[in-house]
Amino acid sequence: MLDLQVPLLAAKALLLLLLFAFIYAVVRRGISDLRSVPEDETFVPGEGRKSDVQRDGAAIYNASHNGSSKLVVEDSDILAPSTPFEVSGGTTNIGRSSSSDIVLKNDDYVSGNHVMLTRHGGMLYVEDAGSTNGTYVNERKAVGATPLRSGDRLRVGSTTFRYSE
Amino acid sequence: MAQRASIPMALALIITTLGFATLIFVQEAKSPPLIYGAYYAGTMVLLYLGVRVWLPHADTLLLAIVTLLTGIGLVMIYRLTYEVPGVENLATTQAIWILVGSGALMFVVLFFRNYQKLFAYKYLLALAAVVLVAMTFTPLGYEVNGARLWLKLGPVNLQPSEFARIALVVFFASYLADTRDLWAATSRSFMGVQLPALKYFGPVALVWAASLGLLVFEKDLGSSLLFFAVPLLMLYAATGRMAYVILGTLLFAVGSYATYLIFPHVQTRVSAWLDPWSDPDDTGFQITQSIFNIADGGITGAGLGEGFSQTIPEVQTDFIFSTIASELGLLGATALILAFLIFVYRGMKIALLAQDDGSKLLAFGLTAMFALQTLIIVGGVTKAIPLTGITLPFVSYGGSSVVGNFILTGLLLVVSENAGKQQPAEEDKEAGYAAEKVTA
């Protein structure tokens, strides 16, 4: 009987070990995305268009109180971190060409005229100006006019800005 | 969204192989025809590769979990039946069902990639679901253990509620997505609870009541619970109104009490749950045996083939979790529940990333159904809640259940493909960061 128990014990231990190795492998892959979920992408039950209106309303309120909204460099190959850029009313261009309002010189991944920021009704909208590599808001490719909220990340080429109102 | 899952896939198949090897070499069980093992492994690998090719953005981690669950299920079913005369071939039958299920998954992947077109047929799907369940009352249906939930179609026995509930989730997802604004904002109220206009509530209530009523008369308690709770959760997800949940819970309490009073089999279940020891040889037999088995497993389990869970009636379907707890112990059972948990986590993640309301609600509804089903049966066999006969998804023996859950996974995969396609930068960011860029 005893000689039978040893292989069984070994098989049992190996099986449990492999089971947890599986769980480890799956968890490692499965939750790696937890870090990169932008906060306002979560699907809050019942927060439909109604709350968007509320949020927009709050944004208008904020904007009218202090007009100083900024793009602060978070991470970049070409600019020093925490370099602030004032975003005034009207249109702000970001691009490689020196005629841009925010110039990202020497970044091969930035197009001449890369992206356009427009203030409209108290909200700042990001609109890609047909760039080669695209513009990312919170690591999602901006398609059409994408509203930018305080705390959002805007990536153009190698440079990531954080937007604050 | 795209997740590579080759290592978990390989691990899952190694675990299955090790399980069978233990039974064959250590317990000297008669080996099942090895060709079925090859079929099974081949099917799962082809499924994985197929999904990687056809749905490059889909969440293949789901498939790795499905492989593990079906694999453990096969090992356990084989372990429970290889020496029982009459059912020796149950594991090979299950392997064939897994093959059919994989085919169904591939069918969904190939032909329902635009699953949104299903939403156009929502009323037809709801009707089909109700008709499917109602068909068990025709001469085609027959009764097993006092519950009339089987359908005999030629050589194949089907449990139509397993398929009907997926159709119902599609119906509710599409209907609620169309009308959720009307549900969330209405002026009428009843006892402080805002109610939507009857016009919008009507179809939902009708489908809900019809499917639920049929199941109650079928005496299929587990499915009734699912059919009741999943639409309620979807309603909450769509509107965010706690009032619906409270109202639904009250209705559930009233309904449960009424069924308790009307049906003697419900009374038996409840008394077996509250006090199985008052009648341990008859009504309490299943649950007491299940608890003995789980306790016998201890931390690391008795070892494959060393438990005594064959004493539990219906062990290969409803009570397979007791066998796993008995032979793989607390650790093995925990690993299994973690695997279910990750499946549910990925499902919720797909719901979060999906772009439109219909897809979100579909992914949420399917995931909620999967999670609740696991909760109901694991809770039932551990005596946490009254036992209702329902299968442990992918693990339990049962053709309809396996095929139904493969279809569910297929739908989750196409939703995740659709969600993943629209945000290429999300998760491949680190790996594909440099490769993605082109010099401007």
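Two residues are in contact if their C-beta atoms, placed from the backbone, lie within 7 Å. This is a predicted model, in which local features need pLDDT of at least 70, side-chain atom pairs count only at pLDDT 80 or more, and totals for chains, interfaces and linings use all residues. Residues are numbered from 1 along each chain as its sequence is written, and chains are lettered from A and ligands numbered from 1 in the order in which they are written.

**View 1. Helix α2 of chain B and its cover.** Helix α2(B), residues 34-54, reaches 30 Å from its first C-alpha to its last. Its buried residues (20 or more other C-beta atoms within 10 Å of their own) include Y36(B), Y40(B), M44(B) and Y48(B). Seen down the axis of α2(B), the buried residues fall within an arc of 120°, so they line one face of the helix. Their cover includes α1 (6-26), α3 (61-81), α4 (90-111) and α15 (399-421) of chain B. On the other side of α2(B), L34(B), G42(B) and V53(B) are among the exposed residues (12 or fewer such atoms).

**View 2. Helix α4 of chain B.** Helix α4(B) has 22 residues. Among its buried residues are Q94(B), I98(B), L105(B) and V109(B). Because the buried residues of α4(B) fall within an arc of 130° seen down its axis, they line one face of the helix. The cover of these residues includes α2, α3 and α15 of chain B.

**View 3. Helices α8 and α9 of chain B.** The axes of α8(B), residues 221-239, and α9(B), residues 242-262, come within 9 Å and cross at roughly 165°. That makes α8(B) roughly antiparallel to α9(B) (angles over 145 degrees). Residues F228(B), L232(B), L235(B), Y236(B) and T239(B) in α8(B) meet Y244(B), V245(B), G248(B) and F252(B) in α9(B).

How values were computed. Helices (H or I, at least four residues) and strands (E, at least two) are DSSP runs, numbered from the N terminus. The expected span of a helix is 1.5 Å times one less than its number of residues. The arc is that of the directions from the helix axis to the C-beta atoms. Axes are lines fitted to C-alpha atoms, for helices over the stretch in contact, and angles run from 0 to 180 degrees between N-to-C directions. Angles under 35 degrees count as roughly parallel, over 145 as roughly antiparallel, 65 to 115 as roughly perpendicular and the rest as oblique.
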